[in-house]
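Trainee: I would like to learn how to read helix packing and aromatic pairs in a model like this one. Could you take me through it step by step?

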Amino acid sequence: MDGLWLHMGTVFMGFFAIMNPIANVPIFLGLTSEDDEKTTKAIAFRALFLAFIIITLFSLAGQYIFTLFGISLSAFRITGGLLVFLIGFHMLQGNNSSVHHPDHAQLRESKQNASDKAKAREAALSIAVSPLALPILAGPGTIATAMSFSAAGGVEEMVITIGAFGVLCLVTYGFFISGGKLVSYLGNAALGAITRMMGLILAVIGTQMAIEGIKGAFSI
């Protein structure tokens, strides 16, 4: 039982590091700065719900995707590990990886094209799909992590992976809704430090994934 809880904690922290809900709060606030409270909550809920659905699908279909494209788990772990390491490395440098975050000039594009109140609300809600759900919350690194965790075992691994990400979505929703207070309390310097710390953890997770992939590929 202790081993199970330890594994659940490892999966949760892996997702927490790569999705980094604390560091994503300023991005969410920037995207929703012109929206009312009701719209802001709707955007947060829709984005996290879509992210959960995406990760659940990839967690459940991971083995089938491997079989369909003739991909081995070892190859995926090596590639996914390198991808996760790259994202972590950029975070460690205090930068957002272009793989995981779009350019800020593109973030408001849908809002700028809205001409009336109805279109403005629809444009505001559309950012829940992109860029929030994809690629910020359920980006390539998060998908790679989910598939790697779920494909490592049987049904139990899938349940743990999906459950851990579901809990993280609830935590992230709380961060997003109380984002203004969080940013003012922590300050930009603290957020930067948290981002770098998460980047270090993420880089280590990516390295470990690659090592496990190499061991499996070469039967070490």
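Trainee: Among contacts in the chain between residues at least 6 apart in sequence, what percentage join residues at least 24 apart?

Mentor: The share is 85%, where contact means heavy atoms within 4.5 Å. Before we go further, note that this is a predicted model, in which local features need pLDDT of at least 70 and side-chain atom pairs count only at pLDDT 80 or more, while totals for chains, interfaces and linings use all residues. Residues are numbered from 1 along each chain as its sequence is written, and side-chain values use heavy atoms, with hydrogens and water left out.

Trainee: How many helices and strands does the chain have?

Mentor: There are 11 helices and 0 strands, these being DSSP runs numbered from the N terminus (H or I of at least four residues for helices, E of at least two for strands). Of the 220 residues in the chain, 43% are buried, that is, under 20% relative accessible area, with exposed meaning over 50% and partly exposed in between, for a 1.4 Å probe and protein chains only.

Trainee: How should I read the packing of two helices, and at what angle do helix 3 and helix 9 pack?

Mentor: Two packed helices are described by the angle between their axes and the distance between the axes. Axes are lines fitted to C-alpha atoms, for helices over the stretch in contact, and angles run from 0 to 180 degrees between N-to-C directions. Helix 3 (residues 37-69) and helix 9 (residues 140-151) pack at about 60°, with their axes 8 Å apart, which makes helix 3 oblique to helix 9; angles under 35 degrees count as roughly parallel, over 145 as roughly antiparallel, 65 to 115 as roughly perpendicular and the rest as oblique. The residues making this contact include Ile-54, Phe-58 and Gly-62 of helix 3 and Ile-143, Ala-146 and Met-147 of helix 9. By class, the contact of helix 3 with helix 9 has 9 nonpolar, 5 polar and no charged residues, where Ala, Val, Leu, Ile, Met, Phe, Trp, Tyr, Cys and Pro count as nonpolar, Asp, Glu, Lys and Arg as charged, and the others, Gly among them, as polar.

Trainee: At what angle does helix 3 pack with helix 10?

Mentor: Helix 3 and helix 10 (residues 155-177) pack at about 165°, with their axes 10 Å apart, and helix 3 is therefore roughly antiparallel to helix 10. Among the residues that meet there are Phe-45, Leu-48 and Phe-52 in helix 3 and Ile-162, Phe-165 and Cys-169 in helix 10. The contact of helix 3 with helix 10 divides into 14 nonpolar, 5 polar and 1 charged residues.

Trainee: How many aromatic pairs are found in the whole structure, and how do I read one?

Mentor: A pair of aromatic rings is described by the distance of the centres and the angle of the planes. The search finds 6 aromatic pairs, with rings of Phe, Tyr and Trp (its six-membered ring) pairing if their centres lie within 6.5 Å, and planes under 30 degrees apart counting as stacked, over 60 as edge-to-face and the rest as tilted. Phe-12 and Phe-16 have ring centres 6.1 Å apart and planes at 35°, so the pair is tilted. Phe-12 and Phe-16 are 4 residues apart in helix 1 (residues 2-19), separated by about one helical turn, and Phe-16 is buried, at a relative accessible area of 12%.

Trainee: Where in the chain are Phe-15 and Phe-149?

Mentor: Phe-15 is in helix 1 and Phe-149 in helix 9, 134 residues apart, and the pair links distant parts of the chain. The Phe-15 and Phe-149 pair is edge-to-face, 6.2 Å centre to centre with 70° between the planes, and both residues are buried. Phe-15, Phe-149 and Phe-165 form one aromatic cluster.
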